[in-house]
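Welcome! Please take a moment with the sequence and the structure below, and then we can walk through some of the features together.

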Amino acid sequence: MQDAKLRLQVQDVTKTFPGVRALSAMSLRVRPGEVHALLGENGAGKSTLLKTISGVQKPDSGTVSLDGRVLTLDGPLDARRAGIAMIHQELQQVPELTVAQNMFLGRPLRRGLFTDRAQQEAKAAAVLQSLDPAIRPDAPIRTLKVAQRQIVEIGRALLENAQVIAMDEPTSSLTPSEFLRLAEVIADLSASGVSIIYVSHKMDEVFRVCSRATVMRDGQLVGELDLAETTESAVVNMMVGRTLAAATHSSFATTETVLSVRNLGSGTKVLNASFDLHRGEVLGIAGLIGAGRTELLRLVAGADRSSSGTVTLNGRRLSLRSTRSVIAAGIGLVPEERKRDGIVPQRSVVNNIALSSMSRFAPRGLIRRRALRKRATEILTGINLRPMQIDRPIRLFSGGNQQKAIIARWIAADTQVLLFDEPTRGIDIGAKAEIYALIERLAAEGRSMIVVSSELPEILRVADRVLVMRQGRIAAELGREELSEQAIVAHAIPQSAADPGLHGHTTATPHT
């Protein structure tokens, strides 16, 4: 029975793919004007449910209703016409077209046989005025920041009179100030009666912007919660189906210096960076976005060319002219952009693991596939790859399991220094805990790590010592006993700055 008091109602939806039941009698209820969180680990079925709601795929059984009316959705266009819009994590936009052209993509306004660009820009401007007046309808969309491009997508949905807007990981690439602006836009949409489905792994954001939540696990409904009446830990336990171990820090750092960086620089991005890394140590690097954290990591990895300075590993000065020589020396980079820079999507997990250690398994040019598969299986079993299918294309795995495979690549290569850039970005709560445990295990084995993260709780969780960067320079070094969010922020923010620019250290008014 459909409830006319609900804006969106998904009832008993089932969807099966070959060998996998992605959704099993799944239900979702969203009220008019509600900001509703859809939560679950990677692989829980959230994406499949959103694709069903937005018309991308048809369910095997079950119904999707809007304002009490059962919908027949044969494609995304049907969903948009009905009043349901989807804003993907990877925005569906044409970079060379203007803002207005993207907002009317697929349904241009015409004057006779020609597109009426003036009318499109006028209508786009009217909608954007209430969202972000600084966005010009005639600007190429490639010139906008990610946050502004998301607002353009929201504007496109409003032009189509969307009553439900689903947002998939909308803040994965946003700064805290951009998140706060998005939160304001979401609150305004909610006040106007638009319902929002909000998918995120960031629990602090969920509790700030959402009023209720639906929790999924293994394609099924686990429960529906009023967020004002529950706690973050209770939600997380529902998501993962178990109580996660308390976040404690264990140190395996020694006094033996493994890596020495001296006066390393690259133009104005990194200025005279000097530090040491010890065996078994996890060295954190924190700072504002744009402070030079990623740039410093890439210089050490040889991924970018340095203009000054030296890097010494176990007493031997490295040539930073290529990543190949740095990898051969024993340094590996786990990059920030996992899908773009970390994996070969169409290749199998085992082939991705072999990328940095092929010479070990092909000493005379012929790959010893049995030895490669045996070693990959040993490593992946130890780090709990799920599912344990090493011949499966890596693109079919969740973000957390892709990250495990990238780390496995460096374990297979016997890498002694691992450089992690945003190691848990886009990864669910349970997988985060596994990555943290894996970092500690590698430290206990005597490997050394540098971890760059915008998440202050993450830095506090894994780091033995922290370097704080500000405007390209190392502004402070904090020992474990000195670490706190307040101490990091105090060193990270220039005296004149008002925007902290650090994830995990913002405040916002929750929407109820």
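Glu 160 sits in the loop between α5 and β9. Please keep in mind that this is a predicted model. Is Glu 160 buried or exposed? Its relative accessible area is 15%, and because the cut-off for buried is under 20%, Glu 160 counts as buried.

Which residues does Glu 160 touch, leaving aside its neighbours within four places in sequence? The contacts are with Arg 80 and Arg 107.

## Helix α5

Helix α5 covers residues 146-159. With 14 residues at 1.5 Å a residue, α5 should span 20 Å, and this agrees with its end C-alpha atoms, which are 20 Å apart.

Several residues of α5 are buried: Ala 147, then the run Gln 150, Ile 151, Val 152, Glu 153, Ile 154, Gly 155, Arg 156 and Ala 157. What do these buried residues pack against? Their partners include the helices α2 (76-82), α3 (99-103), α4 (117-131) and α6 (176-191). The strands β6 (84-87) and β9 (164-168) are also partners of the buried residues of α5.

## Strand β11 and its two partners

Strand β11 runs over residues 212-217 and is mostly covered, with 5 of its 6 residues buried. Strand β3 (residues 35-39) pairs with β11 in the parallel sense, over 4 bridges. In this pairing, Ala 213 of β11 is the bridge partner of Ala 37.

With strand β12 (residues 220-226), β11 pairs in the antiparallel sense over 6 bridges. Here Arg 212 stands opposite Asp 226 in β12. The hairpin of β11 and β12 has 2 residues between the strands, and Asp 218 in this hairpin takes a positive phi near 55°.

Most residues other than glycine have a negative phi, and most peptide bonds are trans. Let us look at some places that go the other way.

Asp 67 has a positive phi, near 50°, and is not a glycine. Where is Asp 67 found? It lies in the loop between β4 (61-66) and β5 (69-70), and Asp 67 is partly exposed, with a relative accessible area of 41%. Asn 272 is not a glycine either, and its phi is positive at about 50°. Asn 272 belongs to strand β14 (residues 270-278) and counts as partly exposed, at 47% relative accessibility.

Which peptide bond is cis? The bond from Arg 386 to Pro 387 is cis, with omega near -10°. Pro 387 is placed in the loop between α14 (369-382) and α15 (399-412).

## Cavities inside the model

Rolling a probe the size of a water molecule over the atoms shows where empty space is left. How many cavities of 30 Å³ or more are there? The count comes to 3, and the largest cavity holds about 160 Å³ of space.

Which residues lie nearest the centre of the largest cavity? They are Lys 202, Thr 424, Arg 425, Gly 426 and Glu 455, out of a lining of 15 residues. By class, that lining has 7 charged, 7 polar and 1 nonpolar residues.

Key
Residues are numbered from 1 along each chain as its sequence is written. This is a predicted model: local features need pLDDT of at least 70, side-chain atom pairs count only at pLDDT 80 or more; totals for chains, interfaces and linings use all residues. Side-chain values use heavy atoms; hydrogens and water are left out. On a 1 Å grid over the protein atoms alone, a cavity is a set of points where a 1.4 Å probe fits but cannot get out, and a pocket is an open set with protein on both sides within 12 Å along at least five of seven lines; lining residues have an atom within 4 Å of a point. Grid points are joined across faces, edges and corners, and a volume is the space filled by probe spheres set on the points. Ala, Val, Leu, Ile, Met, Phe, Trp, Tyr, Cys and Pro count as nonpolar, Asp, Glu, Lys and Arg as charged, and the others, Gly among them, as polar. The expected span of a helix is 1.5 Å times one less than its number of residues. Buried means under 20% relative accessible area, exposed over 50%, partly exposed in between (1.4 Å probe, protein chains only). Contact means heavy atoms within 4.5 Å. Two strands pair if DSSP finds at least two bridges between them.
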